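I opened this entry to record what I looked up in the model, going from the whole chain to single elements and then to one residue.

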Amino acid sequence: MQSRGILKPDIIGPGVNILAAWPTPVGGTITSATAVSLTFNILSGTSMSCPHLAGVAALLKSAHPNWSPAAIKSAIMTTADYINLGMI
């Protein structure tokens, strides 16, 4: 049964093992004395796929500065490939 109150995703990004990392001393100055002990924070999850899609849109906008947001969305939607079909 269809529901008019639920929006479908037009574009989806990667959803498994998407990693985001940043150095622990965010905003701090890294010197040669602290560079050796520099560690990183890391997050994983589907929300980390958003930067991938934003990057794709930014690259398209850079290559085609006159394209509208609708044209960029259309280009992403019509040039996608299915991979790993049937894999869970």
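**Basis.** I am working from a predicted model, in which local features need pLDDT of at least 70 and side-chain atom pairs count only at pLDDT 80 or more, while totals for chains, interfaces and linings use all residues. Residues are numbered from 1 along each chain as its sequence is written, and side-chain values use heavy atoms, with hydrogens and water left out.

**Whole chain.** I looked up the secondary structure and found three helices and two strands in the protein chain, the helices being DSSP runs of H or I with at least four residues and the strands runs of E with at least two, numbered from the N terminus. Read from the N terminus, the order of the elements is β-α-β-α-α. I then checked burial: 8% of the 88 residues of the protein chain count as buried (under 20% relative accessible area, with exposed over 50% and partly exposed in between, using a 1.4 Å probe and protein chains only). The protein chain exposes about 7,600 Å², of which carbon and sulfur atoms supply 64%; these areas come from the Shrake-Rupley method with a 1.4 Å probe, and for residues only the protein chains shown count as cover.

**Strands.** I found β1 (residues 19–23) running antiparallel to β2 and joined to β2 by five bridges, where pairing requires that DSSP finds at least two bridges between the strands. Phe40 in β2 is the bridge partner of Pro23. Strand β2 (residues 40–44) lies largely in the open, because the number buried among its five residues is zero.

**Helix pair.** I next looked at α2 (residues 50–63) and α3 (residues 69–78), which pack at an angle of about 115 degrees with their axes 10 Å apart; axes are lines fitted to C-alpha atoms, for helices over the stretch in contact, and angles run from 0 to 180 degrees between N-to-C directions. On the α2 side the contact (heavy atoms within 4.5 Å) is made by Val56, Ala57, Leu60 and Lys61, and on the α3 side by Ile72, Ala75 and Ile76.

**Asn17.** Lastly I located Asn17 in the segment before β1, and noted that Asn17 counts as exposed because its relative accessibility is 64%. Asn17 and Met48 are 31 residues apart in sequence, and their C-alpha atoms are 9.1 Å apart in space.
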